[in-house]
Amino acid sequence: MKKFKKAIALSLALAMGLSLVACGKDEKKDDTTEKAPASESEASSEEKSTDTESQATDEVPTMEMTTGNGKAIHVYAWNNETGDLIKQFLYKDYPELEDLVITHDLGLGGTDAEYITQLSNAFSGEEAPAVIAADIDAAKNIMEQDFVVPLSDIGFNEDCYANAYDYTVEYATKDGKLYGATWQVTPGVVCYRTDIAQDVLGFSEPDKVAEAISTWDKFFDVAAQMKEKGYYMLSGYDDIKYPMLDSRTESWVVDGKLVVDSSIDTYLEYSKKLKDEGYTHETTMWQGDWTPNMSGDVFCYFGTTWFVPFSLSIDGTDAFGKYNVCAGPVEYHWGGSFLMAGKDCVNPELAAFVIYYMTCDEKHLYEQATTENTMNFPNNKKVAADLIAAGEGSMEKLGGQNPYPVYDELLKSVDLSLSTKYDVNLNAQLDKVVSAYANGEYADVAAAKDYLKTLVLENVPEVTVE
């Protein structure tokens, strides 16, 4: 998918000093390149489990529950996700922490600039953030704020995080120190209608559909077939956003200067082609008929681990049970949440334990992945292997398909080494350009890219545009 993978050293505890929290031994147990499709039918669960376990570390230390110095800590998040997980799992396992771990839902968007402002302001009061949740699209920026400190500063033992998938460690590491940890991984998949696949392609099995759309050329060939039979390939032309963003071979910003990667040209061209050829309903993601079309005449949606249980809104419709997931034309990720540590924490031992419990505790992560109203695929190779070996993860809305082996296979290719703190703002400017170009406001890609540069000059002044 991209360039290279760089090795990340997870065992930084000795270099950073002794942990403040006691740890014991674990007593628990080119975008058109052809590629092999990932599906649960490619290999048995046992084979995939073995493969995952070979990447996992068996002996991982644990953190014991502690109330620290007895002072209450405050956990801040832009929405209710983190707070709900704490209430559902942490309070259940450790009811004595209910009055010591206080959650705050600020009711904002994950990429809303106001979130940073409110976090900064909160440090002047008695309820200063000890733990801060950040959407992955904004986390790089939040890590740069002076109110966030390395996890080692509060005594979080990074050895406990040794089974995290590599991309989550790489993404949250700055200057050799880990600044964030996450409980979930979010590889991208294609969610497709099995009944429409059977009608148009003559087959509906995930491995066969994955092969049929395994390059963008093949994807558009299938789109033409869908149109001939009266279906739409996607709901909107911006549905390819996340796969295209992860197809970049260069960062948005290099040495402080804007870099418009060639994949941006491709994104613009493909979006306009989807619109001009009538392959979509021309909806906008999350707006209007975008969601209702999931139970209509749309063949597929690009999705991810959280998308399937929570955003694939087909309950009570004729489409329920008629979706499967498979690999798409390129590997990508979509979403995720990280937990960070706030400066001057009044109870660092308790804050470290909360982050440990949420992101490392195997029993908790397994339970999250098997609880109907959460079902987050865990950021833990050992837990993932255990889930797959046990056959956990099948979903009625997917007609009984278990997507977990698909997720695990695709995770091997997720790479966020190109991420920068500017991405959330630059991606927002690109959204405007894609819409304008697809709707014919610019004569060619070059003119559309000039518009992008103008928007960056106006909205991201800290980036140099040449």
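Colleague: Two strands count as paired if DSSP finds at least two bridges between them. In what order do the three strands of the antiparallel open sheet stand?

Modeller: Some ground rules come before the order. This is a predicted model, in which local features need pLDDT of at least 70 and side-chain atom pairs count only at pLDDT 80 or more, while totals for chains, interfaces and linings use all residues. Residues are numbered from 1 along each chain as its sequence is written, and side-chain values use heavy atoms, with hydrogens and water left out. The labels are DSSP runs numbered from the N terminus, where a helix is a run of H or I with at least four residues and a strand is a run of E with at least two. The three strands form an open sheet in the order S12-S9-S13, with antiparallel pairing.

Colleague: Why is one side of S12 and of S13 left without a neighbour in the sheet?

Modeller: Strand S12 (300-303) and S13 stand at the edges and each has a single partner strand, so one side of each lacks a neighbour in the sheet. On average, neighbouring strands here are turned by 25° against each other, direction ignored.

Colleague: How many bridges does S9 make with S13, and how many with S12?

Modeller: Strand S9 (residues 189-193) pairs with S13 over four bridges, and four bridges also join S9 to S12. Valine 190 has a bridge partner towards each strand: cysteine 326 in S13 and phenylalanine 302 in S12. The partner of cysteine 191 in S13 is valine 325.

Colleague: Is S9 mostly covered or mostly open?

Modeller: S9 is mostly covered, with five of its five residues buried. Buried means under 20% relative accessible area, exposed means over 50%, and partly exposed lies in between, using a 1.4 Å probe and protein chains only. Val189, Cys191 and Arg193 are on one side of S9, Val190 and Tyr192 on the other, and all are buried.

Colleague: Moving on, what is the strand order in the open sheet of five strands?

Modeller: That sheet runs S4-S3-S5-S14-S6, with mixed pairing. Its edge strands are S4 (101-105) and S6 (148-149), each pairing on one side only.

Colleague: Which strands of the sheet does helix H4 touch?

Modeller: H4 (residues 113-122) packs on the sheet and touches strand S3 (73-77) and S5, where contact means heavy atoms within 4.5 Å. The direction of H4 makes about 175° with that of S5. Such angles run from 0 to 180 degrees between N-to-C directions, and axes are lines fitted to C-alpha atoms, for helices over the stretch in contact. Another helix, H5 (residues 136-143), lies across S5, S6 and S14 and runs at about 135° to S5.

Colleague: Which way do S5 and S14 run, parallel or antiparallel?

Modeller: S5 (residues 129-135) and S14 (residues 337-342) run antiparallel and are joined by five bridges. Alanine 133 has leucine 339 in S14 as its bridge partner. S3 and S4, by contrast, run parallel with five bridges, and tyrosine 76 stands opposite histidine 104 in S4.

Colleague: Why is S3 largely enclosed by the rest of the structure?

Modeller: Five of the five residues of S3 are buried, so the strand is largely enclosed. Ile73, Val75 and Ala77 point one way, His74 and Tyr76 the other.

Colleague: New topic: how do H11 and H17 cross?

Modeller: The axes of H11 (residues 262-276) and H17 (residues 423-438) come within 9 Å and cross at roughly 45°. The two helices are therefore oblique to each other: under 35 degrees counts as roughly parallel, over 145 as roughly antiparallel, 65 to 115 as roughly perpendicular, and the rest as oblique.

Colleague: Which residues of H17 does H11 meet?

Modeller: H11 meets Leu430, Val433, Val434, Tyr437 and Ala438 in H17, using residues that include Ile264, Tyr267 and Leu268. By class, this contact has eight nonpolar, one polar and four charged residues. Ala, Val, Leu, Ile, Met, Phe, Trp, Tyr, Cys and Pro count as nonpolar, Asp, Glu, Lys and Arg as charged, and the others, Gly among them, as polar.

Colleague: Last one: is aspartate 318 buried or exposed?

Modeller: Aspartate 318 is exposed, with a relative accessible area of 66%. This residue lies in the loop between helix H12 (307-311) and strand S13 (323-326).
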